[in-house]
Amino acid sequence: MPDVRIGAAAHAKGVVRQPTTLAMFAVLPPFVVFLYGAAMASFPDVAFLDGSASAYGRIGGALFATAFLSGLVGLFGTVSAARADRYLSFAGFSPVVLFATRVLVGVGVAAITAAVSLGAVAAAGTGVASLPRAYAVLVLAGVLYGLLGLVVGALVPRELEGSLVLVFLADMDSFLSGDVLQVNSDLVNLLPLHYPHALFTAAVREGTLAGEPVGPAVAYLGVAGVAAGVAYAAATGRGWSL
Amino acid sequence: MSGTRTALAATVKEFARTPILVALLVVLPAYFVGLLGVVLPDAQVVVSIPGWSAQSALSEGVLPMLGTLAAVMVAGIAGLFLTVDTLDADGWLALSGLPSRTLFVARAAALTGAAALASVAATVVLALHVVPEQPVVFLGATLVLAVTYGLTGAIVGVVFDRLAGVYVMLFAPAVDLFLLHSPLATDPPDAAVLSPGRWAGVAAIDAALTATPNWSALGAGVAYLLGVAVVAAVAVGYAVDA
């Protein structure tokens, strides 16, 4: 247990050490939610939007803001601490504990960002039918992207290159999973935010997740967790990189 | 001139030293445009740009904007990291007598090269799906906007750290091009005229969809670029000398 405490404290310190990172948690998600809401109002005649375009924009903005911020923290945390984690691993720390504590910190980041984003959606005047369900889905999306950030950071252990990969993945995800562009391909189902978007929309509008793809979303999370574990173990154990 | 040449050669070498980065500058825009070109359906939609509106296939109407966006995102993040990664070294070089203005010109020239690489990659892959009505004007306008966002990334790099900077440089172009100036949007908010996408971005989309170049928008885009270059030179110069 002391190992878990030490690992979690070290990883958490890595996140909160930068004051701008802390400010980002408070400022950027509401800004994105507001901006997406205002910008989506430019799509007044798009038939597939069910309800207010602004509300639709805020829903997508909250999901994307939470997911991408968590993903970036996962990426930068992995890149900046890869060498330190490798030394800790050589020194006898269990890689499993190091990975678990990193995931734990990722869940914490997702929980904070999700709370701020959901608060911004409600503050902007969009009624949230079920706050607990909407919050749970946002945290799920955040943890999912945190794990993906970890995978990218382990595979491409440089900040610029890793950021480029994550940004393009996130943008593709944001455009296609949000149904702003109507796409009939099954490829869309593979995008990380495809299921969370459907769940979050249902939680905000109807307040229920009955009949929604909860199983696939959780399965996706499980697969991302396994991939992150394998990538992290390989990166800390042998120090391999592309 | 020799100082600028030396600084430019050093910057280019830094890029060339990481072949994965050079590959990503080409591959990511190509993958982004290529994949979206495959999955976007041929459904008919109304596409609009200021002063022009027509019925078009979704892929023909939207893909050029996504091509421009891909180049812009690469340039923006490259500008951010170029600044953040070289500020310290440039501070020492300035102390040793190299004018900060010379350093900025060299960095901006290297950034323009990266933006050109990404713009050409995006345009070439775009042409495999949808050939712009005026390919040269489209490429030129895309390059102008990409360099504008590259220099904006440089300014963001002075103000924020890497993590916050990537977050900003993901959302800024996405909101600008994908939401505010999307050909699917009909009524952007008044404040949208302040964003760079309103000028060079609209000129690029115009060049893709119509046979008559929108020189006034492109000219305003170039003027916008010059204004951003001045702000970036001042901000980066101040940070280097500080």
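## Exercises on a two-chain model

The second largest pocket has a lining of 28 residues, and nearest its centre lie Phe31(A), Leu35(A), Phe171(B), Ala172(B) and Val175(B). The model is predicted: local features need pLDDT of at least 70, side-chain atom pairs count only at pLDDT 80 or more, and totals for chains, interfaces and linings use all residues. Residues are numbered from 1 along each chain as its sequence is written, chains are lettered from A in the order in which they are written, and side-chain values use heavy atoms, without hydrogens and water.

**Exercise 1.** Describe the lining of the second largest pocket by class and by helix.

*Solution.* Step 1: a pocket is an open set of points on a 1 Å grid where a 1.4 Å probe fits, with protein on both sides within 12 Å along at least five of seven lines; lining residues have an atom within 4 Å of a point. Step 2: by class, the lining has 25 nonpolar, two polar and one charged residues. Step 3: α2 (19–40) of chain A and α6 (162–180) of chain B each supply at least two lining residues. Step 4: α2(A) gives the most, eleven residues.

**Exercise 2.** Characterise the interface of chain A and chain B.

*Solution.* Step 1: about 4,000 Å² is buried between the chains (accessible area lost to a 1.4 Å probe, summed over both), with 84% of it on carbon and sulfur atoms. Step 2: in chain A, Phe168(A), Met172(A) and Phe175(A) lose the most area to chain B, together 17% of what that side buries. Step 3: the rule finds one salt bridge across the interface (side-chain nitrogen of Lys or Arg within 4 Å of a carboxyl oxygen of Asp or Glu).

Definitions and conventions. Helices (H or I, at least four residues) and strands (E, at least two) are DSSP runs, numbered from the N terminus. Ala, Val, Leu, Ile, Met, Phe, Trp, Tyr, Cys and Pro count as nonpolar, Asp, Glu, Lys and Arg as charged, and the others, Gly among them, as polar. Buried area is the accessible area (1.4 Å probe) that two parts lose on being put together, summed over both.
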